[in-house]
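Trainee: Could you walk me through this one before I start on my notes?
Mentor: Gladly; have the sequence and the structure open beside you.

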Amino acid sequence: MDVSTRFFSMAVEAVFMPAQLDEKKCRGIFDRVSDSHSIVTYQSLADSSVLMSSKDEKTNLARYRISKDRLTITYEFCSQSMNYYQAMSDDFFKIFTDITGTSLFIMHNVIIRKLLNIKGIEDGRGFLISRVFSMKEENFKGFGRPLHAMGARMFFPPVKEDMTAYDVKIESWMEDYRTLFLECAGVYSTPVDTKADSSAIVNDITRTDEFINKNVMGFLSQFKDNAGG
């Protein structure tokens, strides 16, 4: 399948045993990442969590949120490669562990979003409606208004060979009907100790990305032939 993809955003949420949020340690994390991660703002939120953010610009938005029981890392409007953001998140986990002493994460989620264009497909909505879902535009007449976006959500639970669950969304992109929006959330329920295995979460970012590139793309490729756009 002749396609072009654009990496759009990535998020990692890692859950640890609840602990009292130490403002001094959070400030120490901010000091460590402010230059190397281009983090410029530090906010104490109403729910007692702390949010560290980059400048509010059109590309490369980075946010790190520390709560009493979880760490959330978000990169949006990404213009760099996946490896770049993997390295950034890995560095943040190491700094977080170094300052707080917390390295055991009960579970973690990885969410990757990409934009996809398929050669020869001029309308992503039409591709999903007629090819993937085998429907016709007449099926939507009951709504009494034009269809602007189309999509589906699929959940794949853990299996004996792989205890990871995958939550997948495939949609026509609201901002450009020629483009498909893909989201894959990998749910990793096995505890990891980043001090014992520093690459564990980074490896799961790769696994989530591979599920998009191989499984989701493979699913869509079977509908490419004879697609009328």
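This is a predicted model: local features need pLDDT of at least 70, side-chain atom pairs count only at pLDDT 80 or more; totals for chains, interfaces and linings use all residues.

Trainee: Which residue is the bridge partner of Lys114 in strand 10?
Mentor: The partner of Lys114 there is Leu182.

Trainee: And what is the strand order in the open sheet?
Mentor: Nine strands make up the sheet, in the order 2-3-4-5-1-7-10-9-8, with antiparallel pairing. Strand 2 (39–44) and strand 8 (151–156) each have a single partner strand and stand at the edges, so one side of each is left without a neighbour in the sheet.

Trainee: Which strands does helix 1 touch?
Mentor: Helix 1 (residues 23–33) packs on the sheet against strand 2, strand 3 (50–54) and strand 4 (61–66), and its direction makes about 165 degrees with that of strand 2; contact means heavy atoms within 4.5 Å, and angles run from 0 to 180 degrees between N-to-C directions of lines fitted to C-alpha atoms, for helices over the stretch in contact.

Trainee: Back to the strands: what links strand 4 to strand 5?
Mentor: A hairpin does, through three residues, and the two strands pair in the antiparallel sense over six bridges, with Arg63 having Thr74 as its bridge partner in strand 5. Strand 5 (residues 70–76) is also joined to strand 1 (residues 3–15) by seven bridges, again antiparallel, and Ser9 stands opposite Glu76 there.

Trainee: Switching to helix 3, how many of its residues are buried?
Mentor: Seven of its nine residues are buried, meaning under 20% relative accessible area with a 1.4 Å probe, protein chains only; among them are Phe127, Leu128 and Ile129. The buried residues pack against strand 7, strand 8, strand 9, strand 10 and helix 4 (200–221).

Trainee: What happens at the start of helix 3, and what follows the helix?
Mentor: At the start, a side-chain oxygen of Asp123 reaches to within 2.9 Å of the backbone nitrogen of Arg125, and after the helix comes Ser134, whose phi is positive, near 50 degrees.

How values were computed:
Residues are numbered from 1 along each chain as its sequence is written. Side-chain values use heavy atoms; hydrogens and water are left out. Two strands pair if DSSP finds at least two bridges between them. Helices (H or I, at least four residues) and strands (E, at least two) are DSSP runs, numbered from the N terminus. Buried means under 20% relative accessible area, exposed over 50%, partly exposed in between (1.4 Å probe, protein chains only). A polar contact is a pair of N or O atoms within 3.5 Å; within protein, one must be able to donate a hydrogen and the other to accept it, and residues adjacent in sequence count only if both atoms are side-chain atoms.
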